[in-house]
Amino acid sequence: MIICHCTGITDHQIRDAIDWMRASDADTIITPGKIYRALGYRADCGGCLPLFLDTMRGSDSLGVAPPVLRAQTMKRSNPHEGRQQGHRISERRAAV
């Protein structure tokens, strides 16, 4: 299926480029720009980008890491997000 109509890039070419980049460097970060360069093209209008990214995500060898989850260090009962009570200037008493 043609993904980018401006350059004629297909989903097979995208998957092949991802496989090639992953085989040459297992730790590389694969971006759409790197795929375009690997195929010898440049992005033109950008209208294909959502479909391009969906095709990338569908590749088995892309290896996208799961989102990093923030540690739950705050207490739910503390409305000040773990800060000390008098951290705001408006809460501090003016020196007399």
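Visitor: Leaving aside its neighbours within four places in sequence, with which residues is L62 in contact?

Guide: L62 contacts I18, R22, I30, M56 and R57 when neighbours within four places in sequence are set aside; contact means heavy atoms within 4.5 Å. This is a predicted model, in which local features need pLDDT of at least 70 and side-chain atom pairs count only at pLDDT 80 or more, while totals for chains, interfaces and linings use all residues. Residues are numbered from 1 along each chain as its sequence is written, and side-chain values use heavy atoms, with hydrogens and water left out.

Visitor: What makes L62 count as buried?

Guide: Buried means under 20% relative accessible area, exposed over 50%, and partly exposed in between (1.4 Å probe, protein chains only). L62 has 8% relative accessibility and therefore counts as buried. Its place is in the segment after α3; helices (H or I, at least four residues) and strands (E, at least two) are DSSP runs, numbered from the N terminus.

Visitor: Why does S59 count as buried?

Guide: The relative accessibility of S59 is 9%, so S59 counts as buried. S59 also lies in the segment after α3 (49-57). Not counting residues up to four places away in sequence, S59 touches R15, I18 and D19. With the corresponding exclusion of neighbours within four places, the contacts of I18 include both S59 and L62.

Visitor: Why are α1 and α2 called roughly perpendicular?

Guide: The axes of α1 (residues 11-24) and α2 (residues 32-39) come within 10 Å and cross at roughly 95°. Axes are lines fitted to C-alpha atoms, for helices over the stretch in contact, and angles run from 0 to 180 degrees between N-to-C directions. Angles under 35 degrees count as roughly parallel, over 145 as roughly antiparallel, 65 to 115 as roughly perpendicular and the rest as oblique. The two helices, α1 and α2, are therefore roughly perpendicular to each other. Q13, I14, A17, I18, W20 and M21 of α1 make the contact with K34, I35, A38 and L39 of α2.

Visitor: How do you know that the buried residues of α3 lie on the same side?

Guide: The buried residues of α3 are F52, T55 and M56. They cover an arc of only 100° around the axis, and therefore lie on the same side of α3; the arc is that of the directions from the helix axis to the C-beta atoms. On the other side of α3, P50 and R57 are exposed. The cover over the buried residues of α3 includes β1 (2-4), β2 (9-10), α1 and α2.
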